[in-house]
Every structure is written in C-alpha cells, then in structure tokens.
Amino acid sequence: MTKSPELLDVYTIFADPRVVSALLVVIIGSMIIPMVKAYIQDKKARKNLVRMMYEDVIDRNDRLDKSISSISGIVNKTISDSNFIPIIIDAKGEDYLDLKAEKWMIPNNLTQPVLKFYNLTKGLEDFAKFIDGDKFSKLESSRRVAILKGMEERMKRANKAGQVLSSLIEADWPEVRRK
C-alpha cells in the first residue's frame with residue numbers, strides 16, 4: 001500500500017521535535033497569556049484601590065485632626081453651659097469606596113485595619129446624626145457631656161487607626177504615597 005503524497009502521516013509529523021515544540025508553545029502560551037494578563041490587571045486594580053484608600057484615609061485623618069480640637073472645645077462649652085446644644089458639621093466624609101464590593105481586593109494584611117478605621121468613622125457619622133437630632137437636646141447636661149466625650153474618644157481612636165493604616169499602606173505600597 002502506497003501513501004499518497006498529499007496526505008502526511010500524523011506519526012511522522014509528531015516525530016519531528018520542532019513540531020512538538022511549536023505545538024507545546026502554542027498550547028502553553030494560549031493558557032498562560034490570559035493568566036498573566038489577568039494577573040497584571042488584578043495587580044493594577046489592587047494598586048488603584050490601595051491608592052484611593054490611602055488618599056481617603058489621609059483626607060479623613062486630616063479632618064479628624066481638626067475636629068478633635070473642635071470637639072474638645074464643644075465638650076468644655078457643654079460642661080460650662082448646661083443649656084448649650086452643639087451642632088456637629090462635616091462628620092461624614094466622601095464615600096469613594098464600597099468596602100463590601102471591594103473587600104476581596106484589599107490586601108490581606110490591610111483587611112482588619114481597613115475595617116477598623118472605616119467602622120470607627122462610620123460610628124462618628126452615627127454620633128453626629130444623634131447629636132443633631134431632637135433626642136439629644138432633650139437629654140440632661142451630664143448625659144450630653146458623656147455622649148460628646150464618647151464622640152471625642154471615638155475620634156481619637158479613629159485618628160489612631162487611620163495613622164496605623166496609612167503607615168501600613170506606605171510600608172507595603174510606597175508607590176501610592178503623596179508626592
């Protein structure tokens with residue numbers, strides 16, 4: 001039985017190491033290239049998230065620094081004047097991040113500090129809403145002072161948590177620092 005010249009013997013083709021090498025390169029390349037591309041995109045997205053988080057933490061901490069001295073003055077004024085009812089302005093920062101949606105992208109070593117900081121700052125918003133509400137003004141002076149001191153303490157804890165978080169980000173992601 002003679003072989004037709006148009007048909008190539010499959011075994012003969014695969015016996016050539018150049019063909020096998022080329023075929024392996026194509027197969028492996030088609031699997032690896034998308035993985036490498038996804039890895040690079042993930043790395044960029046994570047870096048952008050960390051950069052946004054870092055900027056947000058720095059901005060919120062700057063506001064907290066200014067607010068801590070203000071709230072201390074408000075506490076002292078409330079102690080000295082039992083009829084004084086404060087108004088809390090700008091307790092809420094801009095919400096750039098959806099932590100529930102982005103939690104999976106937060107680097108593992110930052111997850112707990114991020115959640116701690118944002119939970120503390122969210123709690124400050126709740127304090128401010130309560131203080132600006134009708135119930136607060138109806139409380140007796142000693143109770144209002146205690147609530148304001150609680151808010152002041154939470155501001156200090158949030159500020160400390162923000163400093164820790166920004167330090168961790170700067171240590172692990174130096175390229176996101178403000179220039």
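Guide: A term is needed at the outset: contact means heavy atoms within 4.5 Å. The model shown is a predicted one.

Visitor: Which residues does Ser82 touch, not counting residues up to four places away in sequence?
Guide: Ser82 sits in the loop between H2 and helix H3 (99–102). With residues up to four places away in sequence left out, the residues that Ser82 touches are Ser141 and Arg144.

Visitor: Is Ser82 buried, partly exposed or exposed?
Guide: Buried means under 20% relative accessible area and exposed means over 50%, with partly exposed in between. The relative accessibility of Ser82 is 42%, so Ser82 counts as partly exposed.

Visitor: How far apart are the C-alpha atoms of Ser82 and Val145?
Guide: Along the chain, Ser82 and Val145 are 63 residues apart.

Visitor: How many helices and strands does the chain have?
Guide: From the N terminus on, the elements run α-α-α-α-α-α. The count for the chain is therefore 6 helices and 0 strands.

Visitor: How are H2 and H6 oriented to each other?
Guide: Two packed helices are described by the angle between their axes and the distance between the axes. For H2 and H6 the angle is about 155° and the axes are 8 Å apart. Angles over 145 degrees count as roughly antiparallel. H2 and H6 are therefore roughly antiparallel.

Visitor: How many nonpolar residues does the contact of H2 with H6 have?
Guide: H2 passes H6 in a left-handed crossing. By class, this contact has 6 charged and 9 polar residues, and its nonpolar residues number 17.

Visitor: Is Asn61 buried or exposed?
Guide: Asn61 belongs to helix H2. Leaving aside neighbours within four places in sequence, Asn61 is in contact with Phe117, Ala158, Asn159, Gly162 and Gln163. Its relative accessibility is 8%, so Asn61 counts as buried.

Visitor: How far apart in space are Asp59 and Gly162, C-alpha to C-alpha?
Guide: Asp59 is found in helix H2 (residues 17–80), and at 28% relative accessibility Asp59 counts as partly exposed. Asp59 and Gly162 are 103 residues apart in sequence. C-alpha to C-alpha, the distance between Asp59 and Gly162 is 9.9 Å.

Visitor: How are H2 and H4 oriented to each other?
Guide: H2 and H4 pack with their axes 12 Å apart, at an angle of about 40°. Among the residues that meet there are Asn61 in H2 and Phe117 in H4. The crossing of the two helices is left-handed. By their angle, H2 and H4 are therefore oblique.

Visitor: How are H4 and H6 oriented to each other?
Guide: The axes of helix H4 (residues 108–132) and helix H6 (residues 141–172) come within 9 Å and cross at roughly 155°. That angle makes H4 and H6 roughly antiparallel.

Visitor: What share of the residues of the chain count as buried?
Guide: The chain exposes about 12,000 Å², with carbon and sulfur atoms supplying 59% of it. Of the 179 residues, the share that count as buried is 31%.

Terms used: Residues numbered from 1 in each chain as written. Predicted model: local features only at pLDDT ≥ 70, side-chain atom pairs only at ≥ 80, totals over all residues. Heavy atoms only, no water. Helix = DSSP H or I, 4+ residues; strand = E, 2+ residues; numbered from the N terminus. Buried < 20%, exposed > 50% of the residue type's maximum accessible area, 1.4 Å probe, protein only. Axes fitted to C-alpha atoms, helices over the stretch in contact; angles between N-to-C directions. Parallel < 35°, antiparallel > 145°, perpendicular 65-115°, else oblique. Areas by Shrake-Rupley, 256 points an atom, 1.4 Å probe, with all protein chains shown as cover. Left-handed = near helix turned anticlockwise from the far one by under 90°. Nonpolar A, V, L, I, M, F, W, Y, C, P; charged D, E, K, R; others polar.
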